[in-house]
Amino acid sequence: MANIFTPTNQVKLTNVAVVRLKKSGKRFEIACYKNKVMSWRTNVEKDIDEVLQTHTVFTNVSKGQVAKNEDLVRAFGTDNQTDICLKILAKGELQVSEKERNQQLESSFRDIATIVADKCVNPETKRPYPVGVIERAMKDIHYSVIPTRSSKQQALEVIRQLKENMQIDRAQMRLRLVLPGKDAKKVQEKLRPLMTKVESEEWDMDLEIVCLVDPGCYRSIDETLRAETRGRGNMEVLSLKDVQEGDERLE
């Protein structure tokens, strides 16, 4: 049987996502696992071996053509394959088909709508909106998914834009704050601007406050309470979301 000759500079890979970068007049490509490139870029995936199929730089992944060392040194100043792979992964363009790109955008669009629906309510009824209502509202404002940003980051931007067209707010957190008697009045005045609504105040030896706050103010309240009471104050989360049961229905 005749021997089958395989060029030593060719590597065959399957089910691959390609990231491409043009530099110094040359095209360089790396082979990655599908769905892992964006996870790496948004810091969800930390293990580079879960992203790269091989620590090899190619001129053409589909043909298995490996880049020459002299071209790598000329373009990147090094022939260290892993270092170059990281640079291409950071700055290169992910090559996907039009169908795959549309599927990814649709999936991200749904993810963003789901996060918004989970975090927000109609401020009048305190009830959440169904995901479908949020999706339609996002289409009405012609929101375009940004592939390089995480769904969570984009959800916050969507909430800001939707506020211009519909009744929607972040669901409030309910907190119980205990302020030591000696410092209570002073600390209360500093915390009040961070509270959306004070539901109750009770004086005993200490001041106990039950209040609603925007989730974005949680860290500021915690830091202020710790600093102003020198760690003697206390904060308890009574509920992460102040909502009424049932979905908000729009006709």
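A: Gladly! Let us start with a term: a residue is buried under 20% relative accessible area, exposed over 50%, and partly exposed in between, using a 1.4 Å probe and protein chains only. At 28% relative accessibility, Lys126 therefore counts as partly exposed. This is a predicted model, in which local features need pLDDT of at least 70 and side-chain atom pairs count only at pLDDT 80 or more, while totals for chains, interfaces and linings use all residues. Residues are numbered from 1 along each chain as its sequence is written, and side-chain values use heavy atoms, with hydrogens and water left out.

Q: Where does Lys126 lie, and what is its phi?

A: First, the elements: helices (H or I, at least four residues) and strands (E, at least two) are DSSP runs, numbered from the N terminus. Lys126 lies in the loop between strand 6 (120-121) and helix 5 (131-140). Its phi is positive, about 65 degrees, although Lys126 is not a glycine.

Q: And Arg230: is it buried or exposed?

A: Arg230 has a relative accessible area of 56%, so it is exposed. You will find Arg230 in the loop between helix 8 (218-229) and strand 11 (234-239). Arg230 is not a glycine, yet its phi is positive, about 55 degrees.

Q: Is Thr229 buried or exposed, and what does it touch?

A: Thr229 belongs to helix 8. With a relative accessible area of 0%, Thr229 is buried. For touching, we use contact, which means heavy atoms within 4.5 Å. Leaving aside residues up to four places away in sequence, Thr229 touches Pro180, Asp183 and Val187.

Q: How do I read the pairing of strands?

A: Two strands pair if DSSP finds at least two bridges between them. Here, strand 1 (residues 16-23) and strand 2 pair in the antiparallel sense over 8 bridges. Lys22 has Arg27 in strand 2 as its bridge partner. The hairpin of strand 1 and strand 2 has 2 residues between the strands, and Ser24 takes a positive phi near 55 degrees there.

Q: What is the strand order in the open sheet of 4 strands?

A: The order is 9-10-8-11, with antiparallel pairing. Strand 9 (197-203) and strand 11 stand at the edges with a single partner strand each, so one side of each has no neighbour in the sheet. From one strand to the next, the twist averages 20 degrees. For such angles, axes are lines fitted to C-alpha atoms, for helices over the stretch in contact, and angles run from 0 to 180 degrees between N-to-C directions. Helix 7 (residues 184-191) packs on the sheet and touches strand 8 (173-179), strand 9 and strand 10. The direction of helix 7 makes about 155 degrees with that of strand 8.

Q: Which residues stand opposite each other around strand 10?

A: Strand 9 is joined to strand 10 (residues 207-213) by 6 bridges, and the two run antiparallel. Val198 stands opposite Cys211 in strand 10, and Ser200 stands opposite Val210. A hairpin of 3 residues joins strand 9 to strand 10. Strand 8 and strand 10 pair in the antiparallel sense over 7 bridges, and Leu177 has Ile209 in strand 10 as its bridge partner. Because 6 of the 7 residues of strand 10 are buried, this strand is largely enclosed by the rest of the structure.

Q: How many aromatic pairs does a search of the whole structure find?

A: Rings of Phe, Tyr and Trp (its six-membered ring) pair if their centres lie within 6.5 Å; planes under 30 degrees apart count as stacked, over 60 as edge-to-face and the rest as tilted. The search finds 1 aromatic pair. Phe28 and Phe76 form this edge-to-face pair, at 5.2 Å centre to centre and with 65 degrees between the planes. The pair links distant parts of the chain, with Phe28 in strand 2 (residues 26-33) and Phe76 in helix 2 (residues 69-76), 48 residues apart. Phe28 and Phe76 are buried.

Q: Which domains does the domain assignment give?

A: Domain bounds come from an automatic or database domain assignment. It gives domain 1 (16-95), domain 2 (98-169) and domain 3 (172-239). Taken over C-alpha atoms, the centres of domain 1 and domain 3 are 50 Å apart.
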